[in-house]
Amino acid sequence: MILCAGESLIDMVPEDGSFRPLAGGSVYNTAIALGRLGESVSYLWPISRDAFGDMLLRPLAEAGVDTDLCPRTDRLTTLALVTLTGGEARYSFYDEGSAGRMLAPEDIPTLPDAIDALFAGGISLVPDPCGAAVESLIVREGGRLPVMLDPNIRPFFIPDADAYRARLARLIARSDIVKLSGDDLEWLYPGLPLEDAARRVLAQGPRLVLQTGGAAGARAHWAGDPVAAPAIRTTVADTIGAGDTFNAGVLASLRRQGVLTKAGLAAITRDQIAAALTLGARAAAITVSRPGANPPWAHEMPA
């Protein structure tokens, strides 16, 4: 199984002058998308016993995501108030003392033998104790399991930019795949051209650095020349969950090609990278074509 470790929350999405609660969270969305694509996936994050916690568990169960590693807690669920400008999502988080925020390093369980890859990222990397907990998981398991990291940087959520940059540097050095949007790269390396910034990240140790840019498509930086995949043309409802679904498509493709291992990523080819980017782009195109984080099911994907 691919283990997805990171935040789940409730997106309060604008609807008819009010807000509609929808299950979400960067890493949670990737877990759902992997399950819907037919991949074997497990999820690790505390789930509240409040009504929103039940709302979060339902889509996980429907997608076949294993939640045995998710402790239940009486702490409240994180809320994210979403505003949309031109289809682009912006967020305000209500997270202090929440179920996920208080996950501590000592709460990280021993992983089942069935776990063979790790995905982490999102706002769960920022605050402590949960940021330290996710980091401890990657430090403990990253030597034997392939790790994909997507920081999904939200600058307004980061109280200490220097400390967070230091954490990201440590995590990037232990990751095999790092996905960064154009906005992420600009935050990490202000004023540096995106291509140069992506190569700076690659030099820190990952096998692959995936650079995404919405309509500009995706590029992979690796040991060879960059590999590009165009975005799939579609009518955009909103961008909620697009990057998360892209991550799931990439992971699904790498697994299906038999290269989602330390050795496989070390010997990956240009064609294998291109196939992964393409599946990620196709899955993301379906997500952006409908409101909210609503990743595609396997039967909705192009043959």
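Biologist: What makes Tyr43, Leu210, Leu254 and Leu277 stand out in the largest nonpolar core?

Modeller: Of its 97 residues, these four touch the most other members. A core here is a set of buried (under 20% relative accessible area) Ala, Val, Leu, Ile, Met, Phe, Trp, Tyr and Cys residues joined through side-chain atoms within 4.5 Å. Helix 9 gives the largest share of this core, 7 residues. This is a predicted model, with pLDDT of at least 70 needed for local features and 80 or more for side-chain atom pairs, while totals for chains, interfaces and linings use all residues. Numbering runs from 1 along each chain, and side-chain values use heavy atoms, without hydrogens or water.

Biologist: What is Leu254 in contact with, leaving aside neighbours within four places in sequence?

Modeller: Ile177, Val259, Leu260, Leu265, Ile268 and Ala276; contact means heavy atoms within 4.5 Å. Leu254 also sits in helix 7, among the residues that meet helix 9. On the helix 9 side, Ala276 and Leu277 are among the partners.

Biologist: How do helix 7 and helix 9 cross?

Modeller: The axes of helix 7 (residues 242-256) and helix 9 (residues 270-288) come within 7 Å and cross at roughly 145°.

Biologist: Why are helix 1 and helix 7 called oblique to each other?

Modeller: Helix 1 covers residues 26-36, and its axis crosses that of helix 7 at roughly 45°, coming within 8 Å. Angles under 35 degrees count as roughly parallel, over 145 as roughly antiparallel, 65 to 115 as roughly perpendicular and the rest as oblique. Helix 1 and helix 7 are therefore oblique.

Biologist: Which residues of helix 1 meet helix 7?

Modeller: Ser26, Asn29, Thr30, Ala33 and Leu34 do, and their helix 7 partners include Asp244 and Leu251.

Key
Axes are lines fitted to C-alpha atoms, for helices over the stretch in contact, and angles run from 0 to 180 degrees between N-to-C directions. Helices (H or I, at least four residues) and strands (E, at least two) are DSSP runs, numbered from the N terminus. Buried means under 20% relative accessible area, exposed over 50%, partly exposed in between (1.4 Å probe, protein chains only).
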